[in-house]
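Try each task before reading its solution.

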Amino acid sequence: MKKLSPISGFSKLSKKEKIDFLKNHLVTDMDAKTLESFWHANPDLQKILDEFSENTITNFPLPMGLVPNLMINKQLYCVPMVIEESSVVAACANSAKFWLNRGGYKTEVIGTSKIGHVHFKMQTTADELNEFFHDNKDKLLNSTLPITEKMEKRGGGIRSLRLVDKTKELENYYQLELEVETCDAMGANFINSILEHIGKHFGVLLEGSQVGGRESYEVIMAILSNYTPNCIVRAQVSCSVEDLNDPSLGMSGEDFARRIKTAVDIARADTYRATTHNKGIFNGVDAVILATGNDFRAVEACGHTYAARDGVYRGLTRCDIRDGEFKFWIDLPLAVGTVGGLTKLHPLSSLALDILGNPSASRLMEIVATVGLAQNFGALRSLVTTGIQKGHMKMHLMNILNQLGAGKEECEKAKNYFEKETVSFNGVRDFIENIRED
Ligand code: MEV
């Protein structure tokens, strides 16, 4: 690698020039050709992709897979998932099939509102500020009408606005907390626009007032919160313990139910396990979020905060066995959209939404939470029966074999051999080298 010196105007370079820069400093001619080989053949489409981000040089494809047979509220879905980890889609598909004949998944949207804050500082008394806020709240809300008008026509808009005294946490710190309904949009831009307006207008109103310390009013920032505990959906499965008897499990339905419940309880009791437990849930959640052009970082951040809402990070799923009935569920906060953002802009997320029957944001919440629950069920099912390595490693083995350029016959031999052996990259490489030498 050559020593790099600072470059100015990099963003102004064309894509080709950016790759040339790489070629001059960091990669070979061959690498540069590889980067170009991932450009889309259709220049119009490539332009759309390039403009999602900055300084783009190529595309980075990930596989999109399908989970068929996912029954939610008696309706069948075929769910697109974008994920690079082997066995995630297969595990979800298995869980979908497992519950297909046991009543399927059931969901319920518990709430859909989102929250944002104007974070401000002011040297005043909380009582005086509170009185001023209440006297001026209607004026403040009315001033947002030009921004909220269209959303209100769609059934959304502002649901509440309140002043929060945070001076116990931080000196002179207050918030204007806004609760908003954004219908089928994720609504980040909408919420942030209202908040920025409210922050400014509250200042204007204060200026014309006699409130003590009004000249010290300082908006630090105005931004939505990605923590959306009021935008939440429940997905669940249930059946009699007897109905869990399934030869594929290698144990009685009763033992299986008990072991799943214990595994879920462990994830609620132990943070180390909770992290992995929830990671498995987000394997599924993120894959659908990504496929539908939604923001997986926002969804993850929110889910993890929710998992720690009582001060301890816990598993997100719950399980109960009562009167011979097995019940397994998840409550998941999910701020998603089916209009706006990337959803319709990216040709594949638009297509993914078509595959899902062009759901509303609420329906998408139900689908995503169901996939999260199914993913967790799949992982726990393996963990408490055969162990995770069996299924996981079968897929991992195929990836390693592909990487080693193994032919059909070599793959067959490797699959037979690794039925009983631990899969590791070195182990598979040695095995292939040995059969190639024979
Ligand atoms: C692997 O990506 C996810 C799991 O570890 C989840 C779990 O342990 O529950 C299988």
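**Exercise 1.** The model is predicted, and its second largest pocket has a volume of about 1000 Å³. Find which residues are closest to the centre of this pocket.

*Solution.* Start with the lining, which holds 38 residues. Then look towards the centre: Ser382, Ile388, Lys390, Gly391 and His392 are the closest.

**Exercise 2.** Work out which helix gives the largest share of the lining of the second largest pocket.

*Solution.* α4 (88-100), α9, α12 (361-384) and α13 (389-403) each supply at least two lining residues. Now pick out the top one. α13 leads with 8 residues.

**Exercise 3.** Sort the lining of the second largest pocket by residue class, then say which domains the pocket lies between.

*Solution.* First, the classes: 11 residues are nonpolar, 17 polar and 10 charged. Next, the domains. Domain 2 (69-108 + 234-387) and domain 4 (396-437) both contribute lining residues, so the pocket lies between them.

**Exercise 4.** Turn to the largest pocket, with a volume of about 1300 Å³. Name the residues closest to its centre, the helix that gives the most to its lining and the classes of its lining residues.

*Solution.* Take the centre first. Of 41 lining residues, Phe52, Leu290, Gly293, Leu342 and His346 are the closest to it. Next, the helices: α3 (43-50), α7 (188-207), α9 (271-291), α10 (296-307) and α11 (347-355) each supply at least two residues. Among the contributors, α3 gives the most, with 4 residues. Last, the classes: the lining has 21 nonpolar, 16 polar and 4 charged residues.

Conventions: Residues are numbered from 1 along each chain as its sequence is written. This is a predicted model: local features need pLDDT of at least 70, side-chain atom pairs count only at pLDDT 80 or more; totals for chains, interfaces and linings use all residues. Side-chain values use heavy atoms; hydrogens and water are left out. On a 1 Å grid over the protein atoms alone, a cavity is a set of points where a 1.4 Å probe fits but cannot get out, and a pocket is an open set with protein on both sides within 12 Å along at least five of seven lines; lining residues have an atom within 4 Å of a point. Grid points are joined across faces, edges and corners, and a volume is the space filled by probe spheres set on the points. Ala, Val, Leu, Ile, Met, Phe, Trp, Tyr, Cys and Pro count as nonpolar, Asp, Glu, Lys and Arg as charged, and the others, Gly among them, as polar. Domain bounds come from an automatic or database domain assignment.
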